[in-house]
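User: Could you walk me through this one, starting with helix packing and then going on to the strands and a few single residues?

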Amino acid sequence: MGLIEDARRVAAEFEYPPDEVNRGVKAFIRQMDEGLQENGKSLHQIPTYVTAVPNGTEKGVYLAVDLGGTNFRVCSVKLNGDTTFSLTQSKVAIPRELMVAKTSQELFSFLAKQIESFLKTHHNDHFEEHHERRRAGEPMTDEHFFQLGFTFSFPVHQIGLNRGHLIRWTKGFDIKDTIGKDVCALLQSEIDALHLPVKVAALVNDTVGTLMARSYTSPGKTGTLLGGIFGTGTNGAYVEKLEKVTKLKKEKESGEYDASTGNMIINSEWGSFDNEMSVLPNTEYDKALDKESNNVGVHLFEKRVSGMFLGEILRRVMLGMVDDGKTQLFKDESSGTNDVHSTTTIADDSPLYKQWGIDTSFLSVAHADQSAGFGITRQALSRELSIDAASAEDAEAVKILVEAIGKRSARLSAVAIGAVIISTGNLTLTAGDAVDDKDQQVLEEEIVDIGVDGSLVEYYPGFEKYIREALREIEGIGAKGEKRIRIGIAKDGSGVGAALIALIAAKREGV
């Protein structure tokens, strides 16, 4: 068997056919319902206490801060009321010593001081007026305060729109004093200590922010149903009927929310879909990746979909073929069998031999390569993996593997999107065909709007095309239903989206 046939044989292990897609959708819907009824299920289905999405007419200036890793970002967002906005921001690195501080106060005091610096630089008039009013002893109302959305990308138990207790730190942070405390209250306390005109109005998950940002900026009058992240990680937040979120009534600590809309935005945390492995595809490479990960047995959907893991799956596949004495990947008997008249060499310190050695950007390059003799892929093999003088056949084999891994990721992504659309009934709410047979145009009122963000959906070649192919194969969507689904990029959920949630929180308070 030749190298290309070997590559196709291995690639076939990553096929995810229509019947498996539909099994996945049914299981996803079942796990969505389980997560809405009680905690501790594969899909966490976290109520966010946000009960409405914007429609693009909202106006005002709102603040947003984003603590998502080693940087802290402060933004002010001016909403123009016509689906457009302007954004001003600053970013600062978190000092390493504060990531492992002894007390919460040390970190949150630093964050509050960055907000103070931002206000002095970008909103100094408001800042000075506030302090003049305070010195004069004049009464303060919420109208005098900036409403702030706090994007906090760490595991929290949210018990209200602006209340959430830290479950654990990740991403290099380790401040034991913070565990179990309300992170919004901690930030507000330090803001108040500096007498800043700022109220922490909402605790924000960046995926929920993606949904909000898309709903504000999307064309037409249709509210956005789902915000999905398909990048380094993957997650989705969507609009659910409040009556289905039955676990809210069982929560002892559940906070107040506006029930008048009849809806609740749910943060699904779908990276953990099917941790019990009842329907997810499971190759030997998936098993090995999970076994050697730092969170064995969890986030198994994410480990097959997200950009953090696709490069590692490819590395394991390529290494398996190199170690297999029967396949000819990167092996030349002599220079005469290589079209560059040399023999392929793999450096001893090649990233091919190192866990996480291949970045998903390599897959994007190889997947898109249409150059003669796959020259672009061969250059990338040399430059990024220290695999020199790879043959055209080697590069073609790599491209076959890459396409299979990337396509499976997109088709799995369609399972999550399709399940949310079917479960919420958004394709069956309006009677009649969505498509005008005369010009095949979808009527605006029949649109199901989806907002997405992340490097895979934005930059990976053909990712949306593969998603749409799978959506057409899903029972209950089909070709006509797929035409009704509008997928659009929603940028900056942690900034614009957080500001929009602060706006909705302020409206609830009557500000």
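**Helix packing, strands and single residues**

Analyst: Helix H4 (residues 104–122) and helix H6 (183–193) pack at an angle of about 60 degrees, with their axes 8 Å apart; axes here are lines fitted to C-alpha atoms, for helices over the stretch in contact, and angles run from 0 to 180 degrees between N-to-C directions. That makes H4 oblique to H6, since angles under 35 degrees count as roughly parallel, over 145 as roughly antiparallel, 65 to 115 as roughly perpendicular and the rest as oblique. Helices (H or I, at least four residues) and strands (E, at least two) are DSSP runs, numbered from the N terminus.

User: Before we go on, what kind of model is this, and how are residues numbered?

Analyst: This is a predicted model, in which local features need pLDDT of at least 70 and side-chain atom pairs count only at pLDDT 80 or more, while totals for chains, interfaces and linings use all residues. Residues are numbered from 1 along each chain as its sequence is written, and side-chain values use heavy atoms, with hydrogens and water left out.

User: Back to H4 and H6: is the crossing left-handed or right-handed?

Analyst: The crossing of H4 and H6 is right-handed; a crossing is left-handed if the near helix is turned anticlockwise from the far one by less than a right angle, and right-handed if clockwise. On the H4 side the contact (heavy atoms within 4.5 Å) is made by residues including Phe-108, Leu-111 and Ile-115, and on the H6 side by residues including Leu-186, Leu-187 and Glu-190.

User: How do the residues of that contact of H4 with H6 divide?

Analyst: They divide into eight nonpolar, three polar and one charged, where Ala, Val, Leu, Ile, Met, Phe, Trp, Tyr, Cys and Pro count as nonpolar, Asp, Glu, Lys and Arg as charged, and the others, Gly among them, as polar.

User: And at roughly what angle do H14 and H16 cross?

Analyst: The axes of helix H14 (residues 392–423) and helix H16 (residues 463–472) cross at roughly 55 degrees and come within 8 Å, which makes H14 oblique to H16. This crossing of H14 and H16 is right-handed. Among the contacting residues are Lys-407, Arg-411 and Ile-417 of H14, together with Phe-463, Tyr-466 and Glu-469 of H16, and the residues of this contact divide into eight nonpolar, four polar and three charged.

User: Switching to strands, what is the order in the open sheet of six?

Analyst: The order is S1-S11-S10-S9-S16-S17, with mixed pairing; two strands pair if DSSP finds at least two bridges between them. Strands S1 (46–47) and S17 (485–489) stand at the edges with a single partner strand each, so one side of each is left without a neighbour in the sheet. Within the sheet, S10 (residues 234–241) and S11 (residues 263–267) pair in the antiparallel sense over five bridges, and Lys-241 stands opposite Asn-263 in S11.

User: Which helices lie on that sheet?

Analyst: Helix H7 (residues 206–217) lies across S9, S10, S11, S16 and S17, running at about 130 degrees to S9. H16 also packs on the sheet, touching S9 and S17, and its direction makes about 160 degrees with that of S17.

User: What about S2, S3 and S4, how do they pair?

Analyst: S2 (residues 59–67) and S3 pair in the antiparallel sense over nine bridges and form a hairpin with three residues between them, with Ser-76 in S3 as the bridge partner of Leu-63. S3 and S4 likewise pair in the antiparallel sense over nine bridges, and their hairpin has four residues between the strands, with Gly-81 in the turn at a positive phi of about 85 degrees. Arg-73 stands opposite Lys-91 in S4.

User: Is S3 mostly covered or mostly open?

Analyst: Strand S3 (residues 71–80) is mostly covered, with seven of its 10 residues buried; buried means under 20% relative accessible area, exposed over 50%, and partly exposed in between (1.4 Å probe, protein chains only).

User: Which residues does Leu-87 touch, leaving aside its neighbours within four places in sequence?

Analyst: Leu-87, which lies in strand S4 (residues 85–93), is in contact with Cys-75, Ser-76, Val-77, Asp-492 and Val-496 once those neighbours are left aside. Leu-87 is partly exposed, with a relative accessible area of 29%.
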